[in-house]
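Hello,

Here is the structure I promised to pass on to you. Please have a look at it first, and then read on for what I found in it.

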Amino acid sequence: VGRRGQELSSGLPTFSTTDRKAFESWVWKQLQVKVRFVNRHTHAIELYWIHSRSGKMLAKLEPGDSRIETTMLSHEFRARDARVDTRKDSPG
């Protein structure tokens, strides 16, 4: 991880190309991060990745379960109690 004022030649990843697609691919790989989601709730949860105002369910995690996702810094996730749509008074 770089620090403010640090010279680029001092250990940060560098890349040189004249190919735009190769450059874009390299940049996106630099923005990847691993995130661990842990269910510390007393019931199962559903984990969603939010994209274009809709959610894609990635996993159902039981209490104590965890999941690692490789994602980009700007991606958004939501978790909810898996029982939410099983209740009689649920709007969903």
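A quick word on terms before the details: a residue counts as buried under 20% relative accessible area, as exposed over 50%, and as partly exposed in between. Arg 80, with a relative accessible area of 31%, is therefore partly exposed. Please keep in mind that this is a predicted model.

**Overall layout**

The chain contains 1 helix and 5 strands, and along the sequence they follow the pattern α-β-β-β-β-β. Of its 92 residues, 17% count as buried. The accessible surface comes to about 7,800 Å², and carbon and sulfur atoms hold 51% of that. Among contacts in the chain with a separation of 6 or more, 55% are between residues 24 or more positions apart.

Strands β2 and β3 pair in the antiparallel sense, over 7 bridges. Together they form a hairpin with 2 residues between them, and Ser 52 in the turn has a positive phi of about 50°. Within this pairing, Trp 49 stands opposite Lys 56 in β3.

The largest nonpolar core has 6 residues: Phe 37, Ile 45, Leu 47, Ala 59, Leu 61 and Phe 77. The elements giving two or more residues to it are β2 (45-51) and β3 (54-61). Leaving aside neighbours within four places in sequence, Phe 77 is in contact with Phe 37, Leu 47, Tyr 48, Trp 49, Ile 50, Leu 58 and Thr 71.

**Salt bridges**

The structure holds 5 salt bridges, and here are some of them.

- Glu 46 and Arg 80 form one, with the closest N and O atoms 2.9 Å apart. Glu 46 lies in strand β2 and Arg 80 in strand β5, so this pair ties together parts that are 34 residues apart in sequence.
- Arg 20 and Glu 24 meet through their side chains at 2.8 Å, N to O. Both lie in helix α1 (residues 20-30), 4 residues apart, which is about one turn of the helix. Arg 20 is exposed, with a relative accessible area of 64%, whereas Glu 24 is partly exposed at 34%.
- Glu 76 and Arg 78 form another, their closest N and O atoms being 2.6 Å apart. Glu 76 is partly exposed, with a relative accessible area of 35%, and Arg 78 is partly exposed too, at 46%.

Which strand holds Glu 69? Glu 69 belongs to β4 (residues 66-72), and it is buried, with a relative accessible area of 13%. A polar contact of 2.3 Å joins its side chain to that of Arg 67. Beyond neighbours within four places in sequence, Glu 69 is in contact with Val 33, Lys 34, Val 35, Phe 37 and Leu 58. Gln 32 is 37 residues from Glu 69 in sequence, and their C-alpha atoms are 10.0 Å apart in space.

Asp 81 lies in strand β5 (residues 76-81). Its side chain makes a polar contact of 3.1 Å with the side chain of His 41. With neighbours within four places in sequence left aside, the contacts of Asp 81 are His 41, His 43, Ala 44 and Ile 45.

Happy to talk any of this through.

Best wishes

How values were computed:
Residues numbered from 1 in each chain as written. Predicted model: local features only at pLDDT ≥ 70, side-chain atom pairs only at ≥ 80, totals over all residues. Heavy atoms only, no water. Core = buried A, V, L, I, M, F, W, Y, C linked by side-chain atoms within 4.5 Å. Buried < 20%, exposed > 50% of the residue type's maximum accessible area, 1.4 Å probe, protein only. Contact = heavy atoms within 4.5 Å. Pairing = 2+ DSSP bridges. Polar contact = N/O pair within 3.5 Å; in protein donor to acceptor, adjacent residues only side chain to side chain. Areas by Shrake-Rupley, 256 points an atom, 1.4 Å probe, with all protein chains shown as cover. Salt bridge = Lys/Arg side-chain N within 4 Å of Asp/Glu carboxyl O.
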